[in-house]
Amino acid sequence: ADSTGPEKFSLQEVLDTFRVCLSEDEHVSLEHYVAGWRGLVKFMNSLGNVFTFISKDAVSKIQILVNFLNGENGSHYVTIQSMVKYELENGLVDVSKRGTHPESGCRTLLRLHRALRWLELFLERLRISKEDGKTSVMCADAYNESLSQHHPWVIRKAAGMAFCVLPGRPTFFEVMNVGSTEKVVEMLGEAVPMISKVYKITEDLYVQNNLLELP
Ligand code: 1Q0
């Protein structure tokens with residue numbers, strides 16, 4: 001099935017994608033990582049038009065990575081580990097300032113990686129929230145603690161406005177399409193550690209290769 005289609009979002013599906021993206025030896029499959037993001041974008045789009053400015057950027061980053069995957073050097077892009085090795089060894093990354101490789105796989109993935117940290121923090125807040133918890137506050141707190149540090153003022157401002165119109169916790173849980181509140185909470189309890197594992201492996205890889213500040 002086309003994962004960008006309008007069919008109903010299911011958190012379970014996204015969860016499964018992030019699960020299979022990790023191999024036993026802790027390699028992260030780029031194809032599945034990207035598929036996980038597609039699922040998240042689908043979720044965002046089902047929340048309404050206000051969020052398309054956010055999902056648009058994610059979509060274009062996903063597309064850049066898909067193009068590498070399907071390109072003539074696709075075999076080097078099977079895992080994020082092989083991508084990093086290949087791009088660095090072949091001088092395909094603008095390391096300190098933008099130059100001839102403004103859209104390397106490494107810098108593109110870094111943007112999604114930073115957003116994944118936001119997601120991890122947000123989902124954990126959602127998991128432990130009470131019935132009357134405000135998603136806008138959870139979302140903003142998670143953002144301020146992570147992704148916002150990489151965004152200029154204008155984007156922080158726009159993100160802040162988007163958070164204000166986020167639907168409430170009940171709608172949110174409903175769109176996840178998992179079932180009762182208890183079920184959602186249970187599923188989040190599975191999702192968060194998994195996402196955080198993928199995050200940690202990527203983070204370690206980027207630290208080792210000194211890639212956390214790619215322009
Ligand atoms: C549901 C509410 C979503 C709130 C998302 C928080 C992020 C808000 C800020 C995003 C602004 C994006 C505008 C563009 C930013 C770029 O400048 C920036 C840097 O890229 P570059 O090329 O200029 O260096 N791009 C990024 O930082 C990438 C940001 C991608 C954000 C994608 C967030 C999509 C998240 C969707 C998941 C929502 C699902 C929540 C619950 C799911 C339950 C399983």
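User: How many aromatic pairs does this model have, and what kind of model is it?

Analyst: The model is predicted, and the count comes to 7 aromatic pairs.

User: Why are the rings of Phe18 and Tyr33 called an edge-to-face pair?

Analyst: Rings pair if their centres lie within 6.5 Å, and planes over 60 degrees apart count as edge-to-face. The centres of Phe18 and Tyr33 are 6.3 Å apart and their planes stand at 80°, so the pair is edge-to-face.

User: What makes this pair a tie between parts of the chain?

Analyst: Phe18 belongs to helix H1 (residues 11-20) and Tyr33 to helix H2, so the pair ties together parts that are 15 residues apart in sequence.

User: What are the distances from Lys61 and Arg107 to an oxygen atom of the ligand?

Analyst: For an N or O atom in the side chain of Lys61 the distance is 2.9 Å; for one in the side chain of Arg107 it is 2.8 Å.

User: How much of the ligand does the protein bury?

Analyst: Taken alone, the ligand exposes 970 Å², and the protein buries 90% of that. The space taken by the ligand is the largest pocket.

User: Which element gives the largest share of the shell around the ligand, and what classes of residue does the shell hold?

Analyst: Helix H5 (105-128) gives the largest share, 5 residues. By class, the shell has 19 nonpolar, 1 polar and 4 charged residues.

Technical notes: Residues numbered from 1 in each chain as written. Predicted model: local features only at pLDDT ≥ 70, side-chain atom pairs only at ≥ 80, totals over all residues. Heavy atoms only, no water. Polar contact = N/O pair within 3.5 Å; in protein donor to acceptor, adjacent residues only side chain to side chain. Areas by Shrake-Rupley, 256 points an atom, 1.4 Å probe, with all protein chains shown as cover. 1 Å grid on protein atoms, 1.4 Å probe; cavity = no way out; pocket = protein on both sides within 12 Å on 5 of 7 lines; lining within 4 Å. Sits in = over half its atoms within 2 Å of the grid points. Helix = DSSP H or I, 4+ residues; strand = E, 2+ residues; numbered from the N terminus. Nonpolar A, V, L, I, M, F, W, Y, C, P; charged D, E, K, R; others polar. Phe/Tyr/Trp six-rings, centres within 6.5 Å; stacked < 30°, edge-to-face > 60°.
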